[in-house]
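I opened the model today to look up its sheet and its helix packing. My notes are below.

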Amino acid sequence: RATDGAMSEFPIPRPFPLETIRTERLVLRPLTIADAPELSRAVNHKDISENTRIVHPYTLEDAYEFVYRIERSYGTGDEIVWPIRTTDAGPLLGTVGLHLQRADRLAELGYWLHRDHRGKGYASEAATAALAFGFNTLHLDRIYASWYHDNPASGRILDKIGMKHEGVLRAHSLRGGRSRDIVHVGLLRHEFLEMEKNR
């Protein structure tokens, strides 16, 4: 297995394998153009925009442009996004995704969840599935994420899935009408494999 500082011996697949991921409570099927109308409604909330890079208001045109970009990226193997649902035909609760930097064998983890579905462990369950896909299927060496210091709920999710604190960029982002600190966290392949072994 890969150890600290060592690269995985496997190539990163291109295009992405687009199988549906099923966890104990969730169904993660790769985003498609049919999801755009529901996506535009679910994500169009100011509290989501303030704690992500998503614009507000978020229009149907924004949703179509985003989905077209993601669908193209499946072929290049650069980005994958899954709608978070509890059943195949259930409502869209949020999304989770990986944005790859292939040359460095790493990816950024991103997610959001509609406020009506928070506090139930869905975000951490979906993010754990994305980590498993990144490390076990894409053979990445590192996955990282970031959260606003004044949004500790997101920090708790990332801590729960095993991400390690790596540093704080002070007053790094103007978002939500104020200057905000950003906390960076990350996980290495060997750390994830160790967590899987101990589950």
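The entries cover ground rules, then the sheet, then the helices.

**Ground rules.** I am working with a predicted model, where local features need pLDDT of at least 70, side-chain atom pairs count only at pLDDT 80 or more, and totals for chains, interfaces and linings use all residues. Residues are numbered from 1 along each chain as its sequence is written, and side-chain values use heavy atoms, with hydrogens and water left out.

**Sheet.** I found an open sheet of eight strands with mixed pairing, in the order β1-β2-β3-β4-β5-β6-β8-β7. Strands are DSSP E runs of at least two residues, helices H or I runs of at least four, both numbered from the N terminus. Two strands pair if DSSP finds at least two bridges between them. β1 (21-22) and β7 (164-175) each have a single partner strand, so one side of each lacks a neighbour in the sheet.

I then checked β4 (residues 94-101) against β5 (residues 106-113): they run antiparallel, joined by eight bridges. G94 sits opposite L113 in β5.

**Helices.** I see α4 (residues 122-137) packing on α6 (residues 189-198) at about 115 degrees, axes 10 Å apart. Axes are lines fitted to C-alpha atoms, for helices over the stretch in contact; angles run from 0 to 180 degrees between N-to-C directions. α4 is therefore roughly perpendicular to α6 (65 to 115 degrees).

Which residues of α4 and α6 make the contact? α4 gives L131, A132, F135 and N136; α6 gives R189, F192, L193 and E196. Contact means heavy atoms within 4.5 Å.

Methods:
Angles under 35 degrees count as roughly parallel, over 145 as roughly antiparallel, 65 to 115 as roughly perpendicular and the rest as oblique.
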